[in-house]
Amino acid sequence: MIWHIAKRELYDNLNSLRFALATVLLLGLMLTNAVVHLREHPTRLQKYHDGVAEYQNRLKSYAAESLYKLAQKGPGDLYKKPSGLHFCAAGGETFLPADAEGGYGRWGLGGEPPLESFWILWYPSVTPNLANVRPDVTKVDWGFIIGYVLSLIALLFTFDSISRERERGTLRLMLANSIPRHTVLIGKFLGALISVSIPFTLAVLINLLVISTSSHVHLGAEVWGRLGIILLITLLYTCLFLVLGLLVSARVQRSAVSLVILLLAWVTLVVFMPNTLAAIAGGSSSSEAALGFSERSDQIHDELWREYASHRYNSGKSWPQKLEAAGEYVTKDAAQQERLHEERLKQRISQVNRARTLARISPVTIFQHLLESFAGTGFERHLQFLENVKSYAQQFRTFTVDTDNADAESLHIFGVREGMSQKPVSPEAIPKFEDTLSLSKDFNTAAIDLLLLMLFVIVLLSGAYLAFVRVEV
Amino acid sequence: MFKTLIGRELLNNLMTFRFAAAVFIMLLLVVANTVVLIEDYDRRLAGYNTAVKTHQRQLHAKKTYSGGTSKLVVARPPNPLSIFNVGFDKRLGNEVSVSHTLVPSLWDARMHGSDNPFMDMFASIDIVFIFEVILSLLALIFAYDTLAGEYEQGTLRLVLTHSVRRGHILLAKYISAMLCLLVPLLMSLLLAMILLTTSSVISLNADDFLRIGGVIWASVAYLSVFYLIGMLISGMARRTSTALMLSMFVWGFLVLVYPNMILAVSPQPKAPQTRTASAFNQIEQMWEEFDRERKHFLATDAFPGEEWDFGIKGWGGLYAYSWDNPSKLLYTYESAMEFRDLGEQYATEIPHTQNYFRFLGPRVINTAERTWLIRKPALEDIFIHPANVERIWLKLSPAGLYDAATQAWVGTDVLGIRDFFHAARQHRQRVINYFHDKKVFGSQQWFTTDEGAADWGSLPQFSFQRLDVNTNAKRALPDVCILLMINIVLFVIIFLIFIKSEV
C-alpha cells in the first residue's frame, strides 16, 4: 500500500511544473559547478606541486651545506594538499592559508660568536579581500546547491502534499479506506523523496561525468567512497526538509499558509541563522590583547636579549661558556616566538570554533560542516593540516638533534654554528613532509554533526507523525 | 469606485496570515541583526581609534623626519551606515601610508587592528541583505494569487460586470498591496532607526538621514519590481498553484542562484598580462633613472666616496632599499637615517648629508608622482574595469541593482572607499607642502637630533569626511532609475495582458 501511495505521488509530481523547473535549475547549477572546478582545479594543483618542489629543493640545498644550516633555516613553506573534492565544498578555503611556514630569518647578529635566529613554525594569514574590488559572491559548490537550492526544492515538493488533499477532500476519501495513517504519511514521504531525487541524481551524474572526463582530475577509490558518504548525507539532509514540509502541511489547513510558514522558516534557518549566529558568537570576545602582537613579540625578545647580553659581553666568561649561553639564547628565543605564534593561532581557532558551534543550530550549517569534513576542505581540514605540520616540525627537530648527536666532532651546543656539526646531511635521510587526509579522522570530527542531523530528522519525523495522526480531516 | 476597490484589496491583504507572518519575521530578523551589527560597528570603531592612537604614538617615537616618514599612516574610519549595506567597508584595506615616497592607492592599503582573518569565512549580513531576500519573497507571496485567485474564484468576472475600468482594478491591487508591504518594511526600518539613534556609538548627521531616505526609496522600488513580477506571473498563469510554483522558482533564480552563478559562468575578464608588464616596466625604468641620478650626485658632490651614509656611525640606524610588487605595479625607494647627537665629530660630514637629502627628497617625490601618472590608469585597467564588467553582469538581476544602489547611497561601494584614498593622497600632498615650507628635507632634523628632535606636533592632521549626500545620490541614481524603469515596463506589460485577457 505504501508503494501504491508513493507511486501515485511520484506520477503526480513527474508531470508537474515544479519537477521540470527543479530539473532545469539543478542541471544548470551542477554544470556550472563542474565547469568552474575544471577551470580552477589545475591551477590549485600546480600551485601545490610548485610549492612542494620548492620545499624539497630548499631542503636539499641546506642539507648539502651543513647540518647547522639545515637546523637554522628549517624546512621552509609546508603546503596543504588540495582536495580533489573541492567542488563539493569550497569551505571558505580562500580565507584559509594554503601553507604554514617553517622558518624565516628574524634577526642576525655580528660579533663573537656570530648568531642567526633559528627557524620557527608560524602561520601566515591570508586576507584575499584586502585589495579585491570584485563583487563578493558565494561559491557555487555542492554545499550551496544542496544546502540552499535543493532544500528549497524539497519544501516546494511537500508543502501541499497533505494540505492540498485536505482542501480538495481527497484525503478524507483516502482515509475512509482501511489504510493506517502512518502508511499514508510514509507513502507520501517516499513519493516526494523519489521525486526530488530524480532531478538531483540526474544533475549529480552529469556533474561527475563532466568532471571525470578531465585529465587533471583523478577520482580514485577513496574519493568515490567519500562521494558515496556525501550523497548519503545529502539524502539525510533532503529528508529533513521533506519531513519539515510534511509536518507543516499536516498541521495547516490551507496550502498557501503552509507555504508561507515553510518559506519564512527556510529563509530564517538557511539564509540568516548561520551568519547571524556566527556573528554573535564570533564577536562575543575580542580575539587579541590590547598590546599588538609584534610589540609583545619584541618585548619578550628584548627581555631575553638583556639576560643574554650580560653573558655575551662579560669578559670573565670563557669561550665554551659563551657558546653555551649563545646556544641557549638562540634556542630559547625560537621556542618563545613559536609559542607566541601558536598562542595567537589557538585564540583565533577557538574564536572560529565558538562561532561554528553556535551556528550548528541551523541545519544548513551542519550539512555544510559535514560536507567539508568528507570533501577534505574547510576549517576542520585546516586544523588537521596544522596538526600534521606540528608533528612534522617535531620530527624535523628531533632529526637535527639526533644527527648532531651522532657526529663525534660536534660540540653538541645547539643553536650556534661553532657548536654544531658542520658536515653535510644526506638529503634522503631528512624526514619529508607529506600532508595526508584520513577518512577515519574525518569521521571523528563529523560524528557530532552527523548525529545532530539525524536527531533533527527523527524529531521532525515523529513530529510529523504525531501531527498527522491527531489531525482532524 | 476606485476607493472601494482599494479598500477591498487592503482588507483582503491585511487580514491574512501571510501579512502577520511577514511583519513578524521582518521585525525579528531586522532587530536581531541590527543589534549584532551595531556591536560589530562598535568593535570596528574601537579598532579604528586604537589604530589612530598607535600611529600617533609610533610617529612621535621617531626623532628624525626621515625615520618618521614610514610611520605617516592614515586610517579609514568605519562607515556607520555600513549597518545598512556593508559593501566593501569591512573588506578593503583601512589604513595606508602617506609617506612622500609613494602616492597611496587602494592597492597599497593594509588592514589595521586586532582582526581574526579566519572570521572572514563567515559572510556578514546587513539590513539590505535581509530586505533583498525577505522583501522579494514577501512581494511574490502577496502577488501570486492577486489575479490568478480572482480568475479561479470567478470574482473578477463579478467585479467587471460593474462599470469599472480594468486599469483601475490593476492600479487598486497594486497600490493596496504596496501599502501592505510597506508596513513591514517601514516598521522594521523604524525599529532599526530607534536602535541606531539610541545607541551611544553611532552618531548620524542630517546627510545620513537623507542617505537612509535614499535606501528606503531604493527598497520600495525593489519591492515594487518583485510585486509586479509576481503580478505578471499571476496574470499569465491564471491558476494559483502554477503561479505560486513559477513565482517561487523565479525568486530562487533571481535572488539565490543568478547572483552567485553568473560570475562563474560569465566570460572571465582576462587579466591583461601585457598591460601589467609594460606599465611596471615603465615604472621600473623611472626609478632606475632616479637611482642613476642619485649615484651621479653622490659621485660628483664635494665629499669623497660614493657612500650615501658618508661614513657616519653613531647611536641610531639607517636603511635604504627599493622594493617592488609587479602584480600591484608597486615600486618604491625608501631611505631613512636616524642618529642621536652626532656632535662635533661629524662636523664636516653633516653639511654633505644635508645636501644629499636636500637633493634626494624632491627627487623621490617627483619620481613617485611621475610613476603614479602611469600607475593610476594601469591599475584602473587591470583591476577596476574587469570588476565593473562583473558588476554589470550582476545588475541583470533586480537584487544586484538593489544592492548596487544601496551601496552607492550609503557610500560603501568601491567609489565610496576610493574617496578615502583620494583624501589620503590630498593629505600626502599637504604633508609634502608642510615639509617644503619648513625646509625639512635639507634640515639636520631629517637625519639627526643634533638640532633637536623632529617636530611632529604641527604636522597637518588627517580626518576623513565622507563626501556629501549629493555625490551618493549621483552615484546611486542610475541604478535606482533602472529599477524604476523596470517597474514601469512591467506595469505596462501587465496592463496590456490584463486588458486583452478574457475573464
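## Overall build

The model is predicted. Along the principal axes, the C-alpha atoms of chain B fill a box of roughly 110 × 50 × 35 Å.

Chain B holds 14 helices and four strands. Of its 503 residues, 45% are buried. Take the contacts between residues at least 6 apart in sequence: 84% of them join residues at least 24 apart.

## Confidence in chain A

The mean pLDDT of chain A is 87. A score of at least 70 is reached by 98% of its residues. Among the elements of chain A, helix H4 (residues 142–158) has the highest mean pLDDT, 93. Strand E3 (residues 108–109) of chain A has the lowest, 81.

## A three-strand sheet in chain A

Chain A has an open sheet of three strands, in the order E1-E2-E5, with antiparallel pairing. Its edge strands are E1 (76–79) and E5 (121–122) of chain A, and each pairs on one side only. Strands of a sheet pair through backbone hydrogen bonds, in either a parallel or an antiparallel sense.

Strand E2 (residues 99–102) of chain A joins E5(A) through two bridges, again antiparallel. Glu101(A) stands opposite Trp122(A), a residue of E5(A).

## A hairpin in chain B

E3(B) and E4(B) run antiparallel, and eleven bridges join them. One facing pair is Ser322(B) and Tyr333(B), the latter in E4(B). E4(B) is largely enclosed by the rest of the structure, because eight of its eleven residues are buried.

Four residues lie between the two strands of this hairpin. Leu329(B) sits in that loop, between strand E3 (315–325) and strand E4 (330–340) of chain B. Leu329(B) is not a glycine, yet its phi is positive, about 55°. Is Leu329(B) buried or exposed? Leu329(B) counts as buried, because it has 25 C-beta neighbours inside 10 Å.

Arg238(B) is placed in the loop between helix H8 (206–237) and helix H9 (240–265) of chain B. The count around Arg238(B) is 14 C-beta neighbours inside 10 Å, so Arg238(B) is classed as partly exposed.

## Nonpolar cores

The largest nonpolar core has 179 residues. Those that touch the most other members are Val149(A), Val243(A), Leu371(A), Ala139(B), Ala218(B), Tyr227(B) and Ala405(B). H8(B) gives this core its largest share, 15 residues. At least three residues come from each of two domains of chain B: domain 1 (2–40 + 126–268 + 471–500) and domain 2 (42–123 + 271–399 + 408–468). A second, separate core has 49 residues, including Ala336(B), Val364(B), Ile417(B) and Val440(B).

Which residues does Leu371(A) touch, not counting those up to four places away in sequence? They are Cys88(A), Ala89(A), Trp142(A), Gly143(A), Ile230(A) and Ile233(A).

## Where the chains meet

How many residues of chain A are in contact with chain B? There are 52, and they are in contact with 56 residues of chain B. H9(A) gives the most, with 16 residues.

## Val410(B) and its surroundings

Val410(B) lies in helix H12 (residues 398–410) of chain B. Why does Val410(B) count as buried? The reason is its count of 29 C-beta neighbours inside 10 Å, since 20 or more make a residue buried.

Leaving aside neighbours within four places in sequence, Val410(B) is in contact with Asn79(B), Leu81(B), Ser82(B), Phe84(B), Asn85(B), Arg211(B) and Val215(B). Phe24(B) is 386 residues from Val410(B) in sequence. In space, the two are 26 Å apart, C-alpha to C-alpha.

Key: Residues are numbered from 1 along each chain as its sequence is written. Chains are lettered from A and ligands numbered from 1 in the order in which they are written. This is a predicted model: local features need pLDDT of at least 70, side-chain atom pairs count only at pLDDT 80 or more; totals for chains, interfaces and linings use all residues. A residue is buried if 20 or more other C-beta atoms lie within 10 Å of its own, exposed if 12 or fewer, and partly exposed in between; C-beta atoms are placed from the backbone. pLDDT is the predictor's confidence in each residue, from 0 to 100. Two strands pair if DSSP finds at least two bridges between them. Two residues are in contact if their C-beta atoms, placed from the backbone, lie within 7 Å. A nonpolar core is a set of buried Ala, Val, Leu, Ile, Met, Phe, Trp, Tyr and Cys residues joined through C-beta atoms within 7 Å. Domain bounds come from an automatic or database domain assignment.
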